[in-house]
Amino acid sequence: MAFDRRKTGRQLSAVLCAGIAGAALTFGLGSVAQAASSSSAATPSIDDFTRTQSDNSNWIINAKNYDNSRYVDLDQITPANVSQLKPVWSFQISDNSPIESAPIIWNDTAYITSAHDHVYAIDVKTGKQKWEFSDNPHVISFAANRGVALLDGNVYIGTLDGHLIALNAETGQKVFDVVAVADTSNSFFSQAPMPYRNAAGRTLLLENVSNGDWGGIGEVSAFDPKTGKKVWAWQTIPGPGQKGHDTWPGDSWKRGGASVWTQMALDPKTGMLYGNVGNPSPDFNDTIRKGSDLYTDSLVALDISGDKPKLVWHYQFLRNDTHDWDPVMPPLLFTAKFNGRSTQLVATGDKASNFWLLNAQTGKLVERLAVAMQLNQDQKPSLAGNVACPNTNGGVEYNGGSYDPKTNMIYLPSSNECGFYRANKNVLYISGQFYLGGAFPKFVGPNTGQMNAIDMSTGVFAWRNPDKHPMIGGALSTSSGLVFSGKVMGDFVAYDAQSGKELWSYDTGSSILAPPVAFERDGQEFVAVASGTAGNQLLPDTPASNKGSFLTMFALAK
Amino acid sequence: MRLRSVLLTGAAFAALVFTVGSAPARAAATGSDHALAVAALNDLKAAFRTVMDAENATATGPNSYIASAQRAINVLVGAASDDFDKSVDNPGDAIGAEQHVNHLLDRPDAPPFVEALHGIQVNLASAVADLQDAKKADGLDEYQAQASHALETLQIAIGRPDQYDVFGGLEGALTNTVLGVPDGAQVSDGCATPRAPGYGVYHGWLVWHAVAASHAAIQADGALLIKKEGSLIVLYTPASGMVQQHCPNKQADAAPVPGSVAARAQAILRHAARRSPLLVEVADKAGGGVSYTKAQAQAGAGVFAKNCVSCHGANLQGVAAPALAGKDFMTSAVKDNHTVQMLDYIVTQNMPFNNPGSLSATEYAQVMAYLLASNCYPASSTPFPEQPGSDYGTEKLAFQHNPSAKPNALGVCSVD
């Protein structure tokens, strides 16, 4: 559609009173000591993105670092004192919706998004709103947003109607707003943009289109942060003449899906990008796309250091998927001594309940582990319908896990859910609607989950802690030996990283679908998590209404 | 409200023409008004198709897109224009849509189609400007954005038969005004009762088109009302109701019955001395697309509250899932050319999201009725079908201008 149809009038103007601004500034200066030169600026500079692990006072990438580890070197909150953890403030998110984003923390401000692309800038110290950007774009099928990026004075968000919008980080006023998808009828954005500077020194925003279950073709793309113009794109389905194109019969590739849904992992030294490519469409009926359907359900390694991305290797987890069992976990990139040899590894999970460990250089399989219930995985959905596990919400979901270099373990929530899958006889493409060739499966239980710890020196479980409900809240590990995660029923919990014992919990009053973050301010360690409605993760026993949507900030009681 | 086609159960099938898109293009710019309008419509449609074909193609470079934009410009402006580029071909006639429209407007009088033609002039110029920008686009995304602008304005210029004045565009003018009367056709007083095959015109407005009941195929695109009157089948134009208000001898019977197509067809049935198979067929076909009963909608509100509100919201405004009624919903449904059948497919095949297929056929029909009612479709005595046939519901979803409806600020009508 059109550039100029966007209603700017709905945007709430920023309210930034002088008092708060002043306080915020001094607050920010307090933490300059250990951070880099740009830490007093309104946003990080591109240099800050390569030193995130050592910067404990900010959290500027969705999963902490380019490697997606979601690990912080903070030890004030420990297994011994975590029982004293209390909420400091709770910010009510006015757009009560499924909240899937981790807050971005920069100096005095936390930025969180709601499902309908509202952006809230919140004073970290007081929990008071600085400004709100209310977008309310047209929703294609389900509303979800997984966060913003901060860079060069701007806040960037990709929206549900396929726009890339830059806001002034201090005021929330629009800097630019461009249509950034090719087909607005079936394409949108849900993931957080990711800033990156390539070998030639060009700064880019990586953001991938969400169109996989709607009959689009996925893309890994890079945009110019100054203008929002697309700089390059790598199509996840090979076009005519490209290698792998023959894995799609006829024209099936044209609506083949294969979106990259979540945060990719990046090695900034080499420019290698690791992205999980989603499932093929139509999701539940393969009659028109028999073949391996590359690069669906694959982890791809792209060299993006140059002008154009180059595919270095791919590993396909599931060939000819008919259950929407794509890998959606943000890949974890780390170097570990596996079986006695130090290797750069990339780990991910999929919705078929598998955990995968690959050699990051070669793409060769190192280890595979079933991390949740699996049943009838070789049976395709029939017209009459059949049961398979997981359903499309089970296995390892979009928040993934955390890698703790100290324990050399991956902490990974997973879900046991099964579904009654049914294929349709006729596959019908309706512009702007799901292109499924069937229906999303009926819930058939057992709707339980577990937190897993997987030892990265052996590839086997160190411990597993079962839960009464599916676990999709991601994981955060801290150097003091704690693992944090949120639950669909509303509890925010801390586990002992060594034993898996649940040490602390707090009921937020609404469903947690978002991953937690931790940082340090004025010598105090904070942990924060967002909560909201259950959305697609609605379970038969989820309360019909919640207390509202919140970003809650925790610290030890003083 | 529009009838796509009327099938006669008698010996033959048949279609009456209010729209004339399929008529052969005429190259002459000096023909009759009707011929000029038809030529302009063909050129506009050729331009639209050219841009659409480029959008649907999978090209490897920008050149084919740029050439398509220029081809569309060529057919819009004509060979005499400075914007015409001989190096690419012209998918229409040499005169161009713009010149056809200019010739039609080059007149001392002001028949009722003049307003629509002025609108077409503006939209046509805008489309040409958008296509010029598309040619200069930096990358495919920008090209598509500009081409989409052009398609939007071209679609408005082409218009639709069920609206007249400036809103109806060229299709509306061809359906509702004297522009739609072919050369040499029999023309009668539009306020008089049709006595013979031909066209009824009153002050430049086309009121009705009558054909012999034995006529082979009637294309009723855009007809507001179809009546069998003696040995004639009479199609009344969407403008007929408005025109008949101004007739010197206003006839109650001649005025279209208000309400849905089904309600109108039912009303005619009641008035008909003898039930003809044609009218029964009309009532059935018309009822298939958009009919529902008030009771169904009321029951549907309960089914919706139990199964759908957690994702779609208590006011159908959308929460985790999209809105299902109101301006945002309908704008996107219209843009994507969604039909009632497509909506029914999504509802019955994919919903509820976590438990698809779990409602009974009765409940699904009730939910459909509730959605139609919430989108301000008028209720009737024909229920929404529980077992829709393959030919039902080709009716496109559209904004309803239902005088009794009172939508809220979001454009949602309440069901009570």
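Residues are numbered from 1 along each chain as written, and chains are lettered from A and ligands numbered from 1 in the order in which they are written. In this predicted model, local features need pLDDT of at least 70 and side-chain atom pairs count only at pLDDT 80 or more, while totals for chains, interfaces and linings use all residues; side-chain values use heavy atoms, with hydrogens and water left out.

Chain A holds an open sheet of 4 strands in the order E15-E16-E17-E18. The pairing is antiparallel. Strands are DSSP runs (E, at least two residues) and helices likewise (H or I, at least four), numbered from the N terminus. Two strands count as paired if DSSP finds at least two bridges between them. Strands E15 (265-267) and E18 (310-316) of chain A stand at the edges. Each has a single partner strand, so one side of each is left without a neighbour in the sheet. From one strand to the next, the twist averages 20 degrees. For such angles, axes are lines fitted to C-alpha atoms (for helices, over the stretch in contact), and values run from 0 to 180 degrees between N-to-C directions. Strand E17 (residues 298-303) of chain A runs antiparallel to E18(A), and 6 bridges join the two. Within this pairing, Ala301(A) has Trp313(A) of E18(A) as its bridge partner.

A disulfide is taken as a pair of cysteine sulfur atoms within 2.5 Å. By this rule there are 2 disulfides over all chains. In chain A, Cys389(A) is bonded to Cys418(A), with the sulfur atoms 2.0 Å apart. The link is right-handed, with 100 degrees about the S-S bond. Cys389(A) lies in the loop between strands E23 (386-388) and E24 (402-404) of chain A, whereas Cys418(A) lies in strand E25 (residues 409-423) of chain A. The pair thus links distant parts of the chain, 29 residues apart. Relative accessible area is 0% for Cys389(A) and 4% for Cys418(A). Both count as buried (buried, under 20%; exposed, over 50%; partly exposed, in between; 1.4 Å probe, protein chains only).

In chain B, a disulfide joins Cys376(B) to Cys413(B), S to S 2.0 Å. The torsion about its S-S bond is about 100 degrees, so this disulfide is right-handed. Cys376(B) and Cys413(B) lie in the segment after helix H14 (361-374) of chain B, so the pair ties together parts 37 residues apart in sequence. Cys376(B) and Cys413(B) are buried.

Cys308(B) has its closest cysteine sulfur in Cys311(B), at 8.8 Å, too far for a bond. Cys308(B) is buried at 13% relative accessible area, and Cys311(B) is buried at 15%.
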